[in-house]
Amino acid sequence: SSPMPLFLQAENHIRHGRFNIGWKLYEYGLKDNIRKPIDGYYNEKKILWDGKSFDGTLLVYGEQGIGDQINFGTLLTELLQVQRKVCLKVDKRLVSIFATTFPTIKVFAKEDQIPAETYDKFIAIGSLNKFFRNHTNDFINSKFNKYEVIIEKEVERIFAHISGFKIGISWHSFSDKTGKRRSLKTEDLAKIISVNNINFINIQYGNVSNQVKQIKLMSGKEILNIPLVDLTHNISSVANIINNCDLIISVDNTTAPPAAFLGKPVWLLLPYNADFRWMEEITSALWYNNTTLIRQEKENDWNGVVDLVCDAIEKSNLNK
C-alpha cells in the first residue's frame, strides 16, 4: 500500500503541533522517495542511526530542496551534543555555509563519493526531528544560533554606497507543484516597491529580468541588483547580500530560510494553504524567532497581504 496517506497525515499532525506523532509518521516519506534524500541514501549498506551516541562517525544525508536542508540543518547543534563525530552531505551550494557554521563537521557536496570507511551509520537530516523536536519547547529552546558566512568584501563595498533603509525582496517560487500560488504577481510586487524612499534589493534567484523591467515600468522604481552576483548558484553571495539588508520580505521559496537563519528580520508572505511547517494561524514562525508570517486571508488573493506590507513599511518610519 502507498505510504503517501501516512506521510500526509504526518504533515497534518506537525501542522497542528502534534510533533511526537507527526515526526514518527514523517518517516513514511522515505518510502517511495517522497522526501527525496540525496543520492546514496537508498544504496546504503551501513546501519540506520537510532538516535543513540556511538563511537564512530554518523553520515547525515541532506534531503529535498535547499530550504529543507537549511531548515533541518538547525538540528545539527543538538545532534553534536549527542554524537561527536558527524559528516554531512548537502547541495553543493550550501557546503561553504555548513562548513563555516559547523567547523567540526566534515561537509560533502551531493555529487561527492564518500569513501565507505569515512562513516559507520547514516540518517536523513529530516529524520533528526523525531529525536530533537517532539515538543513546541524543543523549537523555542533550540540551541542553534545562526548560520555563519564568509564575509565578501566586494558586496560590503557596494552596499556602502547605498544609503537609507534596505529591504531585500524575493517574490517568486519556481516549484512545479505549488510555485504559482506561492508567488506574487507583477502588479502586487510593483505596489510594494512603490513605497517611497526605501531601497529594494533583488535577492530573487532564477531568470526574472523581464519581470524586473515590467516592475520598473509599473512603479517607476527600480529593484536594485547587486552586480556580478549569481543569485541562483552562489548562495554564499546571496547570504552576504541578505546580511547587508535591514529587512527581508520573501514569499515561501528558497530565499526565506537562509534569511531567517542569518538572524535577519524576515516578513514571510504565505499563501492561504501554506506549507505544513508554518503551522496554522500563528504569526511568528516556530523554526525561526525573527520571522513574521503574513498569511493570505483568501485563496490566491494577495491584496490584503500587500496592503498590510505597504502599510507596515509606511507606519514604521523606515522611509523617513
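Modeller: Buried means under 20% relative accessible area, exposed means over 50%, and partly exposed lies in between, all with a 1.4 Å probe and protein chains only. This is a predicted model, in which local features need pLDDT of at least 70 and side-chain atom pairs count only at pLDDT 80 or more, while totals for chains, interfaces and linings use all residues. Residues are numbered from 1 along each chain as its sequence is written, and side-chain values use heavy atoms, with hydrogens and water left out.

Colleague: Which residue is the bridge partner of C87 in strand 4?

Modeller: Strand 3 (residues 86-90) pairs in the parallel sense with strand 2 (residues 58-61) over four bridges, and there C87 is the partner of L59. Strand 3 is also joined to strand 4 by four bridges, again running parallel, and L88 stands opposite V107. In strand 4, the bridge partner of C87 is K106.

Colleague: How many of the five residues of strand 3 are buried?

Modeller: In a regular strand the side chains alternate between the two faces of the sheet. In strand 3 V86, L88 and V90 are buried on one side, and C87 and K89 are buried on the other. Strand 3 is therefore largely enclosed by the rest of the structure, the number of buried residues being five of the five.

Colleague: Which elements are included in what covers the buried residues of helix 10?

Modeller: Helix 10 (residues 186-193) is mostly covered, with six of its eight residues buried, namely T186, D188, L189, A190, I192 and I193. The cover on these residues includes strand 6 (166-170), strand 7 (199-202), helix 11 (209-219) and helix 14.

Colleague: About how much space lies in the largest pocket?

Modeller: On a 1 Å grid over the protein atoms alone, a pocket is an open set of points where a 1.4 Å probe fits, with protein on both sides within 12 Å along at least five of seven lines, and lining residues have an atom within 4 Å of a point. Grid points are joined across faces, edges and corners, and the volume is the space filled by probe spheres set on the points. Of the 49 lining residues of the largest pocket, Q64, G65, D68, S175 and R182 are the closest to its centre. The space in the largest pocket is about 1500 Å³.

Colleague: Which residues does D68 touch, not counting those up to four places away in sequence?

Modeller: D68 is found in helix 3, and its relative accessibility of 11% means that it counts as buried. With contact taken as heavy atoms within 4.5 Å, the residues that D68 touches beyond those up to four places away are E63, G73 and R277.

Colleague: How far apart in space are T292 and P265, C-alpha to C-alpha?

Modeller: T292 lies in strand 10 and is partly exposed, with a relative accessible area of 36%. Leaving aside neighbours within four places in sequence, T292 is in contact with V266, W267, L268 and T283. Although T292 and P265 are 27 residues apart in sequence, their C-alpha to C-alpha distance is 7.9 Å.

Definitions and conventions:
Two strands pair if DSSP finds at least two bridges between them. Helices (H or I, at least four residues) and strands (E, at least two) are DSSP runs, numbered from the N terminus.
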